[in-house]
Amino acid sequence: VQDLSVRFGVKIRDGDRVVSIIHDKQKVEVHTDSGRRYLAKSCIVCTGPWASQLLSKLGFRVPLKPIKIPVYYWQANQFLPHTWIFEDNEKHLWGLPSLEYPGLVKICPHHGPEVNPDERDAVSTEESKQQMIQFIKEKFPGVCAEVKVEESCIYTLSPDWNPIIDTLPSASNIVVGVGFSGTGFKLGPVTGAMLADLAQGVKKRQDVPLLSLDRFGNAHL
């Protein structure tokens with residue numbers, strides 16, 4: 001996706017933390033750690049688990065919770081050829097066939113502990129791993145119940161697990177796309193179109209209540 005963006009003229013600045021956003025009705029200025037200043041008519045904030053911190057500097061409260069999701073890959077001799085989901089009163093698990101690592105399938109939880117996004121690796125998910133091992137022993141006889149590759153990511157949860165795709169009240173040239181709760185990449189194409197419409201003024205506010213910031217009440221601090 002990044003490669004495709006670059007081909008269409010996007011410039012990616014990795015590792016340059018946004019420290020402030022200054023705005024009025026005509027423009028937005030974004031200032032970063034490196035001393036760079038970006039000036040535009042509007043901006044889109046898609047800062048994942050750091051969204052609450054950044055938006056609080058603008059005077060807005062967005063009820064988001066970052067959680068650490070352990071991502072496990074397992075050796076499989078036999079497996080389902082499609083995506084699957086398992087839910088009961090205690091667990092919400094999902095899996096994918098071998099798509100990323102040759103011969104390894106992906107089986108992961110859809111839940112995890114709350115974390116500071118700057119200290120993700122300080123929080124252990126060993127208990128989750130042991131639960132996954134037991135689950136695989138019981139449900140997937142064709143999968144070796146030993147983790148071959150372990151990674152992690154961060155979900156940024158909204159209270160209802162639905163994203164916020166909207167402009168900020170009294171700051172219509174600042175658009176937010178946050179709180180995707182683990183579905184952000186999957187919703188990328190339609191999310192991009194919605195964010196672009198809001199940033200370019202095609203729409204002033206989100207008209208789908210399920211995605212509106214207003215559903216959480218007054219966002220002003």
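**Cysteines and strand S5**

Hi everyone, let me start with cysteine 144, which counts as partly exposed because its relative accessibility is 34%; buried here means under 20% relative accessible area, exposed over 50%, and partly exposed in between, with a 1.4 Å probe and protein chains only. Please keep in mind that this is a predicted model, where local features need pLDDT of at least 70, side-chain atom pairs count only at pLDDT 80 or more, and totals for chains, interfaces and linings use all residues. Residues are numbered from 1 along each chain as its sequence is written, and side-chain values use heavy atoms, with hydrogens and water left out.

How many disulfides does a search of the whole structure find? The search gives 0, where a disulfide is a pair of cysteine sulfur atoms within 2.5 Å. Cysteine 144 is in no disulfide, and the nearest cysteine sulfur, in cysteine 108, lies 16 Å away. For cysteine 46, the closest cysteine sulfur belongs to cysteine 43 at 9.6 Å, so that is too far for a bond. Cysteine 46 is also partly exposed, because its relative accessibility is 48%.

Now to the strands, which are DSSP runs of E of at least two residues, numbered from the N terminus. Strand S5, residues 65-76, is mostly covered, with 10 of its 12 residues buried.

Which strands pair with S5? Two strands pair if DSSP finds at least two bridges between them. S5 runs antiparallel to S9, residues 143-157, with 11 bridges, and isoleucine 69 has cysteine 153 as its bridge partner in S9. S5 is also antiparallel to S8, residues 104-109, through 3 bridges; there, glutamine 75 stands opposite leucine 104 of S8.

How values were computed
Helices (H or I, at least four residues) and strands (E, at least two) are DSSP runs, numbered from the N terminus.
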